[in-house]
Amino acid sequence: ATPLLALDDDVLAANIARFEALVRTRGIDVCYAGKALLFVGLARRIDASALGLDVCSQGELLTGEAAGIAPARMVFHGCGKTHDELDAVASGRVGRVVVDHHDELRALANLANAARPIKVLLRVNTGIEAHTHAYVRTGGEESKFGFPLGGVAAAVAFALASPGMRLVGLHSHLGSQIFDAAPYDASLPILLDAYARALEAGAPLTDLVLGGGFGVDPIPGAARFDLESAVATLVADLAAGARARGIAAPRLGLEPGRSIVADAGTSLYRVIAIKHQGARKFAIVDGGIADNPRPALYGAYHHPTLANRTSDAASEETTVCGRSCENDRLVVADLPVDLAPGDLLALGTTGAYTYSMASNYNRFPRPAIAFAGAGKHVLGVRREASADLLRNDVR
């Protein structure tokens, strides 16, 4: 049945292995960013690897716990943590927390227990902007995330004065879909300066996290972000920068999300109707903005392929749309002129920020997720049923 999100086991395993190699050969701390896609079956794959897990909500934390991930391997993120989430941090359900602002720092200090100090990283907004879509940019002056550089010293002093906190590092995240290593290189010396000042103030720092955001190109055959080369440069620059400042090199941390699951995912849709409006040809499919809001949010591209048969017909520009009561254009691309109702379309690189951002708009049920490989498939998330749509309605 469609819509369906299929995760390619081989691609997923290979992507995880790329980052495991960084853990084992370079000693980098790598945590998978669960916001990209998270369910118990996927969290179990992470638990079986050398990676940790970043969570940014009570729901993501519960998912990690249900998968059996040890608290020490989880990090809590978020710029607006609730009291219940901060209480979960203080009670030891995660190993570390990334603190975003002074109000959160004060609230956490009130919950902290000196007998079991909370390991804290301060998220720093370095002012460096990655030139991505404004909706996925998380650094720079227009971003809501992190302490401004001028506020880091006061945050360090507050954390050091709080007996229930142990300040272990600084954190930064620049945005998503970054294909150029330059933003990371530009941010690194700014972070190292802040790190050195914090050490001088007495903070027992050990970690410097540069976030994730490594780009995944949706065009088949396009060059990938050169992760290994970028990381090699960062490791060398980190060591040189630390020597120049007379400090021990911190442990480098990375938080990949999209770069692990995006190209492992393919969304399958059934064509419902073919229409022509003037010169434009539309193919309406049985999904749309409810299961993939990315094209509507920031013009994301997912390459379509006719999946159920081969066609020798010529191609023509076709607008693939969903069936919701919106102009929910999924993609404009060349598809066979004999595309017909009943055909199956596969949209690529849909593993990240599709299901995790899905809704029940128009009261459509969310799709199933299946792991697929070697001619077999295993259900990861069941398809929502009609009863699920009514479950929370008060009658």
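Is Q177 exposed, partly exposed or buried? Q177 is partly exposed, at a relative accessible area of 22%. Here buried means under 20% relative accessible area, exposed means over 50%, and partly exposed lies in between (1.4 Å probe, protein chains only).

The model is predicted: local features need pLDDT of at least 70, side-chain atom pairs count only at pLDDT 80 or more, and totals for chains, interfaces and linings use all residues. Residues are numbered from 1 along each chain as its sequence is written, and side-chain values use heavy atoms, without hydrogens and water.

Stay with the backbone. Q177 sits in the loop between β8 (165-171) and α7 (182-200). Its phi is near 55°, a positive value in a residue other than glycine. Strands (E, at least two residues) and helices (H or I, at least four) are DSSP runs, numbered from the N terminus. T349 also has a positive phi, near 50°, and is not glycine. It lies in the loop between β16 (344-347) and β17 (368-373). T349 is buried, with a relative accessible area of 15%.

Now go to the start of the chain. T2 and P3 are joined by a cis peptide bond, with omega about -5°. P3 belongs to the segment before β1 (4-8).

Last comes a pocket. On a 1 Å grid over the protein atoms alone, a pocket is an open set of points with protein on both sides within 12 Å along at least five of seven lines; lining residues have an atom within 4 Å of a point. The second largest pocket holds about 310 Å³ of space. Of its 15 lining residues, L38, F39, Y355, R366 and V381 are the closest to its centre. Helix α3 (residues 58-66) gives the most to this lining, with three residues.

Terms used: 1 Å grid on protein atoms, 1.4 Å probe; cavity = no way out; pocket = protein on both sides within 12 Å on 5 of 7 lines; lining within 4 Å. Points joined across faces, edges and corners; volume = space filled by probe spheres on them.
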